[in-house]
Amino acid sequence: MNIPTNLKYTKDHEWISIEGDIATVGITDFAQSELGDIVYVEVETLDQTLDKDEVFGTVEAVKTVSDLFLPLAGEIIEFNDDLERNPEVVNSDPYGKGWMIKVKISDDSQISELLDSEAYSSLIGA
């Protein structure tokens, strides 16, 4: 199981990369493997400001649809448009080309509530 040490994680299986006040968010390798073949990613919250743990979109796999939860409060400033044409990249490269959104963080105190790679590994039993 691929769990990069330079990222933060949530109990809902999102990963977060933080640069300044911008967070890039996607789903983990564990999440994509549990979902199976991803066929659609929907984010209708672009340019909206949401609270931590609010649903920012959905990911649809062949047999299920799962909500995506915002790991940090902020404004969703970018959606990975490549996912509209190639949603399967979330399966093949979840931590790279499979990123989903970028968020302008509004409360950086929430960063300390995120899991590090060791805590996330324990959560999923890896």
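Reader: Is Asp21 buried, partly exposed or exposed?
Author: In this predicted model, Asp21 has a relative accessibility of 36%. Buried requires a value under 20% and exposed a value over 50%. The value for Asp21 lies in between, so this residue counts as partly exposed.

Reader: With which residue does Lys104 form a salt bridge?
Author: Five salt bridges are found when the whole structure is searched. In one of them, the closest N and O atoms are 2.4 Å apart, and the partner of Lys104 is Asp21.

Reader: How many residues apart in sequence are the parts that Lys104 and Asp21 tie together?
Author: The salt bridge joins Lys104 to Asp21. Lys104 belongs to strand E9, whereas Asp21 sits in the loop between E2 and strand E3 (22-27), so the parts tied together are separated in sequence by 83 residues.

Reader: Which residues are linked with Lys52 in a network of salt bridges?
Author: Lys52 is partly exposed, at 25% relative accessibility. Glu113 forms a salt bridge with Lys52, and their closest N and O atoms are 3.2 Å apart. Because Glu113 is in the loop between E9 and H4 and Lys52 in the loop between strand E5 (49-50) and strand E6 (55-61), this pair ties together parts that are 61 residues apart in sequence. The network that includes Lys52 also holds Asp53 and Glu113.

Reader: What separates Arg85 and Asp82 in helix H2?
Author: Arg85 and Asp82 form a salt bridge with closest N and O atoms 2.8 Å apart. Arg85 is exposed at 55% relative accessible area, whereas Asp82 is partly exposed at 41%. Because they are three residues apart in helix H2 (residues 82-85), their separation is about one helical turn.

Reader: Which side chain of opposite charge is nearest to Asp29?
Author: Asp29 is found in helix H1 (residues 29-35) and touches Met1, Asn2, Pro94 and Tyr95, leaving aside residues up to four places away in sequence. Although buried, Asp29 has no salt bridge. At a distance of 16 Å, the nearest side chain of opposite charge is that of Lys97.

Reader: Are the rings of Tyr9 and Tyr120 stacked or tilted?
Author: Two aromatic pairs are found in the whole structure. The ring centres of Tyr9 and Tyr120 lie 4.8 Å apart, with 15° between the planes. Planes under 30 degrees apart meet the criterion, so this pair is stacked.

Reader: What is the relative accessible area of Tyr95?
Author: Trp15 is buried, at 2% relative accessible area. Buried means under 20%, so Tyr95 is also buried, its value being 17%.

Reader: Which residue has the backbone oxygen that the side chain of Asn91 reaches?
Author: Asn91 is placed in helix H3 and counts as buried at 18% relative accessibility. Beyond residues up to four places away in sequence, its contacts include Gln32, Asp37 and Ile38. At 2.9 Å, the side chain of Asn91 reaches the backbone oxygen of Gly36.

Conventions. Residues are numbered from 1 along each chain as its sequence is written. This is a predicted model: local features need pLDDT of at least 70, side-chain atom pairs count only at pLDDT 80 or more; totals for chains, interfaces and linings use all residues. Side-chain values use heavy atoms; hydrogens and water are left out. Rings of Phe, Tyr and Trp (its six-membered ring) pair if their centres lie within 6.5 Å; planes under 30 degrees apart count as stacked, over 60 as edge-to-face and the rest as tilted. Buried means under 20% relative accessible area, exposed over 50%, partly exposed in between (1.4 Å probe, protein chains only). Helices (H or I, at least four residues) and strands (E, at least two) are DSSP runs, numbered from the N terminus. A polar contact is a pair of N or O atoms within 3.5 Å; within protein, one must be able to donate a hydrogen and the other to accept it, and residues adjacent in sequence count only if both atoms are side-chain atoms. Contact means heavy atoms within 4.5 Å. Lys and Arg count as positive and Asp and Glu as negative; His and the chain ends are not counted. A salt bridge is a side-chain nitrogen of Lys or Arg within 4 Å of a carboxyl oxygen of Asp or Glu.
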